[in-house]
Amino acid sequence: MGSILTRARGATMVNSTEIKQFIKDAIAQDKVVVFSKSYCPYCTLAKNVFEKVKQPIKVYELNERDDGDAIQSHLAEITGFRTVPQVFINGNCVGGGSDVKALHESGKLEPLLIG
């Protein structure tokens with residue numbers, strides 16, 4: 001993925017409050033945040049779109065974290081879906097891999113990245 005991809009690793013959170021705060025902080029700290037699983041083709045699709053437009057992203061590989069399932073469950077409460085990837089731009093969920101690809105193909109992705 002080159003230098004635009006930042007893989008985040010960190011301490012495992014143990015309770016619901018910590019996980020919710022982690023998600024809130026993660027989404028707020030970076031322009032583009034992708035909650036992903038390293039083996040998921042739709043996650044790869046989303047990450048590749050951002051690489052194509054040279055947009056730095058922060059990626060949390062949930063399958064590489066002990067608390068990944070808990071994070072994914074809390075994300076489902078926030079977004080209404082449990083699947084990955086879950087892509088946030090400027091703190092707003094824009095969907096998954098197919099959604100990011102469609103935004104890019106329609107010319108609507110780049111304007112979201114400005115500002």
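These legends walk you through close-up views of a predicted model. Local features need pLDDT of at least 70 and side-chain atom pairs count only at pLDDT 80 or more, while totals for chains, interfaces and linings use all residues. Residues are numbered from 1 along each chain as its sequence is written, and side-chain values use heavy atoms, with hydrogens and water left out.

**View 1. Helices H2 and H4 meet.** The axes (lines fitted to C-alpha atoms over the stretch in contact) of H2 (residues 41-52) and H4 (residues 97-105) come within 7 Å and cross at roughly 30°. Helices here are DSSP runs of H or I with at least four residues, and strands are runs of E with at least two, numbered from the N terminus. H2 and H4 are therefore roughly parallel (angles under 35 degrees, on a scale from 0 to 180 degrees between N-to-C directions).

**View 2. Phe22 and Tyr60 form an aromatic pair.** Their rings pair (centres within 6.5 Å) edge-to-face (planes over 60 degrees apart), at 5.2 Å centre to centre with 85° between the planes. Phe22 lies in helix H1 and Tyr60 in strand E3, so the pair ties together parts 38 residues apart in sequence.

**View 3. Phe35 and Phe88 form an edge-to-face pair.** Their centres are 5.9 Å apart, with 85° between the planes. Both Phe35 and Phe88 are buried. Ring pairs link Phe22, Phe35, Tyr60 and Phe88 into a cluster.

Definitions and conventions. Parallel < 35°, antiparallel > 145°, perpendicular 65-115°, else oblique. Contact = heavy atoms within 4.5 Å. Phe/Tyr/Trp six-rings, centres within 6.5 Å; stacked < 30°, edge-to-face > 60°. Buried < 20%, exposed > 50% of the residue type's maximum accessible area, 1.4 Å probe, protein only.
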